[in-house]
Amino acid sequence: MIEQKGNSTQFPLALFLAGQATEVYQCSICLNIPHPDIAVNHAKCGAIFCKPCIDGWKVKNRTCPKCRLAMSVNLAKAENFIVYQLHQQLKLKCPSGSVCSWEGTFSALQTHKDDCAYTPKMCRFAIAGCAFQGNGEEMKKHEKLNKDDHLEKCFSELQATIKPVIPSPTKVRRSSRGPAERDAEIEQEIAMKKKALEEQIALESRLKMEMLQMEETQLLLIEERRRREEESAMAEAKKREAEQRRQEQMMREEQMRREKEQMRREKEQMMREKEQMMRERELAEMEAQAQS
């Protein structure tokens, strides 16, 4: 597995496919390639940095680490949309390493990481305080072994949230109710917490789907713009080709006209020479008759 320095938004050069201008997007401080969303560029020299790197640099320095001019940093995404889009299209390998054969662009990386069985992910019960991270198989084992513990933590978190709104009857009336009634109240409270947890998970899933749809829409817009540019380039190429054929046709016609004109002149010359020869012959015959 390729070691990924820094956080998940900074990527070493070894992850990127050959034949790309990756050095243009390389941070001059950590020498990694920043994710487009955290990339910032110096307006005077155009150098690109990771935002955490340049923020740390500016604490002690007021000049650009590359050109040494006064520091003026602009977000690449906000200030230079073309640079941001080109940055998004850099092709790289899956950060999980050689076990995964995926290759794609920055814009598709997050979708792949969500689906990749080899990329470590946070436990889906992280909202309840679980700090476990692991790949697909490790995550399945973890969730299977810690299912009850996860639910208990979630119920505890939800109890702290729901308690101010819905007073718990178990503490007020526990002494005046029988075991069956207390068990029913506890089951009802657990059902309420479970329902609230399911609603929260459903909300997170819906938000995630909306984000994926937005990313897909953005990719479709980029693809449509690229398709239109290709069509425009093809139309321009056809126009140039048609103009070139027209020019060649005109040159051929002009050449044929000149050749015909040359042939006409040569024919006239031959006719004049023939007439000259006939006049000379007639003169010679007349001189011969006169002498006789």
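Guide: Gladly. Let us start with a term: a residue is buried under 20% relative accessible area, exposed over 50%, and partly exposed in between. Please keep in mind that this is a predicted model.

Visitor: Why is E254 called partly exposed?

Guide: E254 has a relative accessibility of 30%. Buried would need a value under 20% and exposed one over 50%, so a residue in between is partly exposed. E254 therefore counts as partly exposed.

Visitor: What makes E254 and R258 a salt bridge?

Guide: The rule asks for a side-chain nitrogen of Lys or Arg within 4 Å of a carboxyl oxygen of Asp or Glu. For E254 and R258 the N to O distance is 3.2 Å, so the pair meets the rule. Both residues lie in helix α8, four residues apart, which is about one turn of the helix. Elsewhere, salt bridges with shared partners link E224, R227, R228 and E231 into one network.

Visitor: How do you know that R245 and E241 meet in a salt bridge?

Guide: Their side chains come to 3.1 Å, N to O, and the cut-off is 4 Å, so the pair qualifies. R245 and E241 are also four residues apart in helix α8, which covers residues 179–291. R245, at 46% relative accessibility, is partly exposed, and so is E241, at 42%.

Visitor: What makes E243 and R246 a salt bridge?

Guide: The closest N and O atoms of E243 and R246 are 2.6 Å apart, and that is within 4 Å, so this pair counts too. Here the two residues of α8 are three residues apart, again about one turn of the helix. E243 is partly exposed at 35% relative accessibility, and R246 is partly exposed at 42%. By this rule there are 14 salt bridges in the count.

Visitor: How do you know that the span of α8 is close to the expected one?

Guide: Helix α8 has 113 residues and reaches 165 Å from its first C-alpha to its last. At 1.5 Å a residue, 168 Å would be expected, and the span of α8 is close to that. The buried residues of α8 are E185, E189, K193, A196, L197 and I222. In the protein as a whole there are eight helices and nine strands, and 24% of its 292 residues count as buried.

Visitor: Are C30 and C53 buried or partly exposed?

Guide: C30 has a relative accessible area of 25%, so C30 is partly exposed. C53 stands at 16%, which is under the 20% cut-off, so C53 counts as buried.

Visitor: What makes H112 a buried residue?

Guide: H112 has 12% relative accessibility, under the 20% cut-off, so H112 counts as buried. H112 lies in helix α4, residues 106–115. Leaving aside residues up to four places away in sequence, H112 touches C94, C100 and W102.

Visitor: Which residues have the most contacts inside the largest nonpolar core?

Guide: That core has 15 residues, and those with the most contacts inside it are F11, F16, I33, L90, L92, F106 and L109. Beyond residues up to four places away in sequence, L90 touches F16, Q20, Y25, I33, G104, T105 and F106. Another core, of 11 residues, lies apart from the largest one, and includes V40, A47, W57 and M71.

Methods
Residues are numbered from 1 along each chain as its sequence is written. This is a predicted model: local features need pLDDT of at least 70, side-chain atom pairs count only at pLDDT 80 or more; totals for chains, interfaces and linings use all residues. Side-chain values use heavy atoms; hydrogens and water are left out. Buried means under 20% relative accessible area, exposed over 50%, partly exposed in between (1.4 Å probe, protein chains only). A nonpolar core is a set of buried Ala, Val, Leu, Ile, Met, Phe, Trp, Tyr and Cys residues joined through side-chain atoms within 4.5 Å. Contact means heavy atoms within 4.5 Å. The expected span of a helix is 1.5 Å times one less than its number of residues.
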